[in-house]
Amino acid sequence: MSEFYALVPAAGSGSRMGSELPKQYLPLAGQPMIFHALNALCSTTDIGTVFVVLAPDDALFHAYDWSRFGNKLQPLYCGGATRAESVLNGLLASEQEPDDWVLVHDAARPCLTQAHLVKLIAEVRDDEVGGILAVPVADTLKRADGTQRIAQTENREGLWQAQTPQMFRIGLLLQALQSARDVTDEASAVEALGLHPKLVASEPTNFKVTYPQDLLLAELLLSQKGN
Ligand code: CTP
Ligand code: MG
């Protein structure tokens, strides 16, 4: 039987957030932002260990009390210069079996629920390639010319927005990331091998906190969940 692991890249600086504190540590619903994703992953019984990839000089993580997650939560101080590098370094440092599954999830997606995780695992665990949470694009898409005017309307049929977790066999993902480093998600690296990961329908609520205005929405969603 294959095992399931989670790996949470959390070595970014949050430059678009524009705050001194790296965004994964910004206060959100009474906890540092990263707590919420770790909580969802650690609460899922199928997942054996949750690795969190931190910057080598991270001095903030250990200042919080993570004892409620026990040994299930394992920090790795091996983050790299890009997200893909952080994920690759984390996979190498975690030393898990190539046939086991890893769910890679952004520290900056705090509204992930256990229902999302259960659905992803159920729909991908028997898949040959792996898969990702994603949502079909809902808005009409415009392509801009160089002067911020509309050059044309794009056909949105068949377009999805990629989210995380992204779930792959560890051996395949290692191979993919070692040959395609300049990717912004795991699926792109796997696609570059000529493979076609599965799209598992998620919800817009599993969005990534990127800009300051995203914090308010995340706070609202998390406070609803708490009630
Ligand atoms: N990440 C990482 N290592 C990096 C860059 C990003 O582990 N060198 C992580 C971030 O901590 C985050 C996830 O990848 O959990 C998604 O990245 P993003 O939202 O782009 O976060 P940042 O890179 O921190 O933000 P920005 O791009 O605005 O600087
Ligand atoms: Mg980034």
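**View 1. The shell around ligand 1 holds six nonpolar, seven polar and five charged residues.** The model shown is predicted. The shell counts 18 residues, and Gly14, Ser15, Lys23, Ser86 and Lys208 come nearest to ligand 1. Strand S1 (4–10) supplies at least two shell residues, and so does helix H2 (83–94).

**View 2. Backbone atoms meet oxygen atoms of ligand 1.** A polar backbone atom of Gly14 is 2.8 Å from a ligand oxygen. For Ala11, a backbone N or O atom lies 2.9 Å from an oxygen atom of the ligand. For Ser13, the distance from a backbone N or O atom to a ligand oxygen is 3.2 Å. On its own, ligand 1 has 560 Å² of accessible area, and the protein covers 89% of it.

View 3. S10 gives the largest share, four residues.

**View 4. The second largest pocket has a volume of about 350 Å³.** Its lining has 15 residues, with Val135, Gln161, Gln163, Pro204 and Phe207 nearest the centre. Strand S7 (131–136) and S10 each give two or more lining residues. The largest share, three residues, comes from S10. Eight of the lining residues are nonpolar, four polar and three charged.

How values were computed. Residues are numbered from 1 along each chain as its sequence is written. Chains are lettered from A and ligands numbered from 1 in the order in which they are written. This is a predicted model: local features need pLDDT of at least 70, side-chain atom pairs count only at pLDDT 80 or more; totals for chains, interfaces and linings use all residues. Side-chain values use heavy atoms; hydrogens and water are left out. A residue is near a molecule or strand if one of its heavy atoms lies within 4 Å of it. A polar contact is a pair of N or O atoms within 3.5 Å; within protein, one must be able to donate a hydrogen and the other to accept it, and residues adjacent in sequence count only if both atoms are side-chain atoms. Accessible areas come from the Shrake-Rupley method with a 1.4 Å probe; for residues, only the protein chains shown count as cover. Ala, Val, Leu, Ile, Met, Phe, Trp, Tyr, Cys and Pro count as nonpolar, Asp, Glu, Lys and Arg as charged, and the others, Gly among them, as polar. On a 1 Å grid over the protein atoms alone, a cavity is a set of points where a 1.4 Å probe fits but cannot get out, and a pocket is an open set with protein on both sides within 12 Å along at least five of seven lines; lining residues have an atom within 4 Å of a point. Grid points are joined across faces, edges and corners, and a volume is the space filled by probe spheres set on the points.
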